[in-house]
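Please read the notes below with the structure open beside them. They are set out as numbered points.

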Amino acid sequence: MSALAVDTVHTMHVGPATFEVAAGSCTALWGPSGSGKSLLLRALADLDPHDGEVRVDGTAQSAMSGPEWRRRVGYLPTESRWWAPSVGDHFPPESTASFASLGFEPDVLAWQVDRLSSGERQRLALLRLLARQPEALLLDEPTANLDSESGARVEALVNEYRASHNAAVLWVGHDREQRARIATAQLRIDAGKIEVV
Amino acid sequence: METIHLSPVDLSIASGLVLALAVVTGWLGLAVSRRVIIAAIRTTIQLSLVGIVLKALFAASNPLWMALVACVMLAVAAYEVRARQKRRFRGGWSFGIGGVSMFLSSFAVTVLMLLTVVQPTPWYEPRYAIPLLGMMTGNTMTGIALGLNQLSNTAFDARATIEAQLTLGSSGAESIHDIRNDAIRTGLIPMLNSMAAAGVVSLPGMMTGQILAGNAPGEAVRYQILIMFMIAAGTGFGVMAAVFIGARRLFDERDRLRLDRLK
């Protein structure tokens, strides 16, 4: 059981937002650019100060430290950042990341970050997040820089992770067909206000 | 050996040189003649005033006056630290961080040296305390200003990289670790350079002064080494304190990066 329950979360720019993503299910979130999708995800990941409460598996955000919350609720921003020279520096030691599922050989850990393409960066950013085994996922356009084949692999990997870890997934995406494929519930955000579709 | 006294005539010969500089820069159209004159006048007035204050202070040798002067020096230095920041901490924190870390380092080191090494009677004897404290605050101030400035500028530019680490569950201290260490190194470089170059590239001001005042070079050298070590310790601990407090202040209690605390 790792449901994600959002209770009247609001910041200066978004909310109040109240909704729940059931354990093992995926909810899609969409809205025009500038509507506050990323800001909402930042608040849910506790990167921005906000009011209201978020719970994962029944445990409140305020009941644990910020870093512990962010380890349990994995947030994938649209653009990934890398702070060390090699790919492997960004993965936990003895990482069990499923590199093959996204088309990488195991030697990818020795690759230099500044030689990665934008698509490789995006796929590896998802892998380095999943390697930390979060209980819930906040994914901000995880297939935006990918061709359709890589995009399908990412969808399959997230589906597989969601099922095997019974994880709640909140997926921000612009593609209507993709949202219908991956999600069982849809939320629309406009000017910071959330509505169930 | 006696100090050779300077008469007003001696000083007017030197001021003639400054006037000549102003005239020549005027001819060349460098547009700095006015500033040369104003700076020369400021130096004269400021130093004369300091001379009067020091004369009174030395005559009185009162611990309360001494404490007051020390506090004024600290406040001015803390203000300088704040003024040299491109991105200041809001709400007086730049001033506060500078003041606290200089108090912890330059004051503590100066008092320690007065009590255990120099040992004048009384220990706060202004003739020793004021110059020592002045040299300490002047040098730690430069290091702290550099270190804090480097910290806040780099953190501002590296926002996305720091947050990428936070997002994956790192603490604030872990995410800013490298930036913090770089800032400390930056703050220490002027002190390290001046220690390495002392006597070879430049003759330190205090030593020059003591030799001009008629002291034996050996005595002047020992004092200068003492000062260099005090400055090294004071700057080192001061920069570390300032950068550590500053790096802590960049994150809140939920380990969020709070760049809104800078302006």
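The points below cover the model, its domains, sheets, chain contacts and core.

1. This is a predicted model, in which local features need pLDDT of at least 70 and side-chain atom pairs count only at pLDDT 80 or more, while totals for chains, interfaces and linings use all residues. Residues are numbered from 1 along each chain as its sequence is written, and chains are lettered from A and ligands numbered from 1 in the order in which they are written.

2. Chain B is assigned domain 1 (1-60) and domain 2 (61-261); such bounds come from an automatic or database domain assignment. Taken over C-alpha atoms, the centres of the two domains are 29 Å apart. Contact between them involves 7 residues of domain 1 of chain B and 9 residues of domain 2 of chain B, where contact means C-beta atoms, placed from the backbone, within 7 Å. The domain 1 side of chain B comprises 5 nonpolar, 1 polar and 1 charged residues. Here Ala, Val, Leu, Ile, Met, Phe, Trp, Tyr, Cys and Pro count as nonpolar, Asp, Glu, Lys and Arg as charged, and the others, Gly among them, as polar.

3. In chain A, an open antiparallel sheet of 4 strands has the order β2-β1-β4-β5. Strands (E, at least two residues) and helices (H or I, at least four) are DSSP runs, numbered from the N terminus; two strands pair if DSSP finds at least two bridges between them. Because β2 (17-21) and β5 (59-60) of chain A are edge strands with a single partner each, one side of each has no neighbour in the sheet. Strand β1 (residues 4-10) of chain A is joined to β2(A) by 4 bridges, and Val9(A) lies opposite Ala17(A).

4. Further along chain A, β9 (residues 185-190) and β10 (residues 193-196) run antiparallel, with 4 bridges. Leu187(A) faces Val196(A) across this pair. The two strands make a hairpin with 2 residues between them, and Ala191(A) in the turn has a positive phi of about 50°.

5. Between the chains, 18 residues of chain A contact 14 residues of chain B. On the chain A side, α2 (66-72) and α3 (118-130) each supply at least two residues, and α2(A) gives the most, with 4 residues. That side divides into 8 nonpolar, 3 polar and 7 charged residues.

6. Which residues have the most contacts inside the largest nonpolar core? They are Leu44(A), Leu138(A), Val169(A) and Trp171(A), in a core of 99 residues. Helix α5 (residues 126-157) of chain B gives the most to this core, with 13 residues. A nonpolar core is a set of buried Ala, Val, Leu, Ile, Met, Phe, Trp, Tyr and Cys residues joined through C-beta atoms within 7 Å, buried meaning 20 or more other C-beta atoms within 10 Å of the residue's own, with C-beta atoms placed from the backbone.

Definitions and conventions: Two residues are in contact if their C-beta atoms, placed from the backbone, lie within 7 Å. A residue is buried if 20 or more other C-beta atoms lie within 10 Å of its own, exposed if 12 or fewer, and partly exposed in between; C-beta atoms are placed from the backbone.
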